[in-house]
Amino acid sequence: MLDRVEPGLAPGILDGATWDSELAAWRMPAEQLSGLRVRLADAGVRATDEIRTPPLDGAWTLPPLRWYQQAALTAWREAGARGVLALPTGSGKTVAALAAIADLSVATLVLVPTRVLLDQWATTIEALGPHRVGRLGDGDHRVAPITVSTYASAITWAPRIGDQFGLVIVDEAHHVGAWCPSEILEMLVAPARLGLTATPPIGATAPALDRHVGPVVYTITVDELAGDALAPFDVVTVPIDLTPVERATYRTHRGRFAASYGELQRRRPGTSWQEFVDIAQRTASGREALAAWRASRTVLAYPTGKRAALRELLARHTGDRILVFTADNATAYAIARELLVVPITKDIRRTERAAVLERFRSGDAPVLVSSQVLDEGLDVPEAEVAIIVGGSGSERRHIQRVGRVLRPRPGKHARIYELAVEATAEVSTVIRRRRGLSSDPMEATP
Amino acid sequence: MTARALSLLADDDLPWVDALTGVVARCAGQPWRLALEQIEAGAWMADTRDPRDARDPLAAPDARAIPARRLAAAVNALRRLVGGRPYRASLARRARGLVLGLPALTDDARTARLAAAGVMLGLSARDVDQLLWADLPGERPIELPAGRPPTLEVAALANVALVQRALRRAHSIELRVRGDAGPLLRAAAARGLLATASLASASPAGNETVLDIIGPLALCHGTTVYGRALGQLVPLLGACRDFELTIRAEAKGQHYQLAVRSPALLPAGAPPRPWRVIADLARDLEARGLLVERAPEPLAAGPALACPDLRIVHGSRAIAIEVVGFWTPEFLARKLARYQAVGLRDVILCVDATRACDDDDAPPPGACVVRFERRIDAEALTQLIGGDALALD
């Protein structure tokens, strides 16, 4: 509250504020509070500020930080305690974040995308810190000086608790601006902001992350940490051939799709895939082209050659913990039914999923097959072999998948197998997604 | 702001709904996923295609293209009609627990494991194989116990879903009913909705009831539960001869209005079940020797309508009791003002303590409000009725 509005108040001091005639007050997004405080102080304006974020007491029992965690935190502090750390999956992002909380000793809100991550974060904080952790999401509505919230719950709670935290940590921060709406961050006064991701966004959501959390202040790639903070690993491409019938089916569908897609590109060069889909859905021939594209992908999803290769790899790694990644749920179920291994999909409920993960850890069910659920958020440190039967060309998704098997353990050497059907679109898909693993794009060629 | 008509399925849509139903019916006994793949592939749309549409992705939009939202609603309606429920869920989970584990790398190993699980479950190996994913939405088999569902029923159910979806984004709803509004009023009350009924002041059609209902987006808590309860009104609209529903809603920061008017292709819903809490209370009060009138006539004064659930005659006094589900202090104050307007001063509001929808859950000052959870304390109410501190200020 400004004690009084001085005549001739410096222009720009209330930048971003709008006059609310109903309240007879100026309003501005909560996240601009710290900037306003600075401007008011610089201008010597007397103001009553009733927002106090409580400090945190007590000692943490954190493990010693690794060199890159230390470097990342230093970079973040030097950037004014705002910014994003791009650290690979399994490299200890959570520990780095807890060190930031301990360092600032201020009430903290942790935003996570899923209920599984909510539980993982809360459990870790309670194990390493002296604080009882508040939880918002998955049926819990408890707010504490350190609170972990799912994005979904934070949408509802942010207007009520946005003034209670001095630091906000956004896990899987590449979702800011999409799954994690920017409005959540606008409603938080916390001046200190830390984003954690293995895959900083480069598309449409990148500006939202930069604006509400800060720029990427530290990046380290998987291959820079392999053999050090991450398990050393090999990526092996397994070439797959189609049977003559499969090849003919693939060519028919692909040709049908390519005719429409090529015609569009000829007439409108540079049309994006999404634009093509939008246009195609409006006409019967366009829908047929899309159907042909889907059918061609179905041929590649799990042809005879992939079946044989998968069996061979599972036999070769008997006794190892193996994650099998597929392009879609249908293939995940097909593999699970054929080989009687456990699928993890969005349809499998939480209690059953927890039981399955426990069986995976114990070695009772050493193979998990999934299309998406294992990509992000589930902690399966025992996994040492990944078999990628199918997937998209997304670098981000590939890094997340590979990261699942890179958590270090003495003597561990991770293996990543990518099954790619020769002389099909899948080869370019594999090349595209592999770029994200390495700081050297030339290493991406299979 | 003018209200845009909510786009519902109409007679023109029935050919493609029929073709869609055919796709699902042909997949009977197979997993839902297969039907969804065929629907997505779109070959079934050939029957509804415009023959002038050349093989050209840049052709003018097909006038008969099916809007994605309506198609999704029809697919969901079919799922509800022919296989929406989990099938032998606990048995399927047990089967998975027994069968899935180490990879079965040979056919013999697979067969042996299924057979062993079958012995434990009292099923054949083939049944165990079929059962593995029978409880999962995409994998459960399509079943047509009553044959192929009628096209009209599918379209009507799809429309229910479309209106319910629109209601979930509503700040407020105005429902005008010409003719008998009783079933809707009772349904709104039975579901505990934040609804205020009044009579239209000047309706050329006469006998018009206006139901103003607060939408889920206007609440602080329980928006999903409330939105679901609100959506349960929609199937009842099919039985209304003449209605007009206006939905004031918001999405992505934009405010808009949607309208649904009769005649609309909606199912004729079953009449609402009475709220059991009220019947239990009436019985409990009668057991304590009170004279209870159930579902008394609504009281009108000008446009204001007050609809008590019970009327207790106690000596020379008549006491109105209304049971309220979802509530806010403001809603209770408005309700009490209506009772005052119709000249009734002895009023008890019984409010569901679990369905407070505001941060502030203090009842309005001067009101006689009894909170309950699941069942109303008839003894406490009897003592209250015996006292003389009921009258509204």
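Figure 1. Chain B exposes about 19,100 Å², of which carbon and sulfur atoms supply 52%; accessible areas come from the Shrake-Rupley method with a 1.4 Å probe, and for residues only the protein chains shown count as cover. The model is a predicted one, in which local features need pLDDT of at least 70, side-chain atom pairs count only at pLDDT 80 or more, and totals for chains, interfaces and linings use all residues. Residues are numbered from 1 along each chain as its sequence is written, chains are lettered from A and ligands numbered from 1 in the order in which they are written, and side-chain values use heavy atoms, with hydrogens and water left out. Chain B contains 13 helices and 13 strands (DSSP runs numbered from the N terminus: H or I of at least four residues for helices, E of at least two for strands). Of its 393 residues, 47% are buried, that is, under 20% relative accessible area with a 1.4 Å probe, protein chains only.

**Figure 2. Helices α11 and α13 of chain B.** The axes of α11(B) (residues 276-287) and α13(B) (residues 378-386) come within 9 Å and cross at roughly 60 degrees. Axes are lines fitted to C-alpha atoms, for helices over the stretch in contact, and angles run from 0 to 180 degrees between N-to-C directions. On α11(B), Leu281(B), Asp284(B) and Leu285(B) make the contact, and on α13(B), Ala378(B), Leu381(B) and Thr382(B) do so; contact means heavy atoms within 4.5 Å. By class, 4 of these residues are nonpolar, 1 is polar and 1 is charged (Ala, Val, Leu, Ile, Met, Phe, Trp, Tyr, Cys and Pro are nonpolar; Asp, Glu, Lys and Arg are charged; the others, Gly among them, are polar).

**Figure 3. Helices α3 and α4 of chain A.** The axes of α3(A) (residues 93-104) and α4(A) (residues 115-128) come within 11 Å and cross at roughly 55 degrees. This angle makes α3(A) oblique to α4(A). Thr94(A), Ala97(A) and Leu98(A) of α3(A) meet Trp121(A), Thr124(A), Ile125(A) and Leu128(A) of α4(A). The contact has 5 nonpolar, 2 polar and no charged residues.

Figure 4. Chain A has 16 helices and 16 strands, and 52% of its 446 residues are buried. It exposes about 19,200 Å², with 53% supplied by carbon and sulfur atoms.

Methods:
Angles under 35 degrees count as roughly parallel, over 145 as roughly antiparallel, 65 to 115 as roughly perpendicular and the rest as oblique. Buried means under 20% relative accessible area, exposed over 50%, partly exposed in between (1.4 Å probe, protein chains only).
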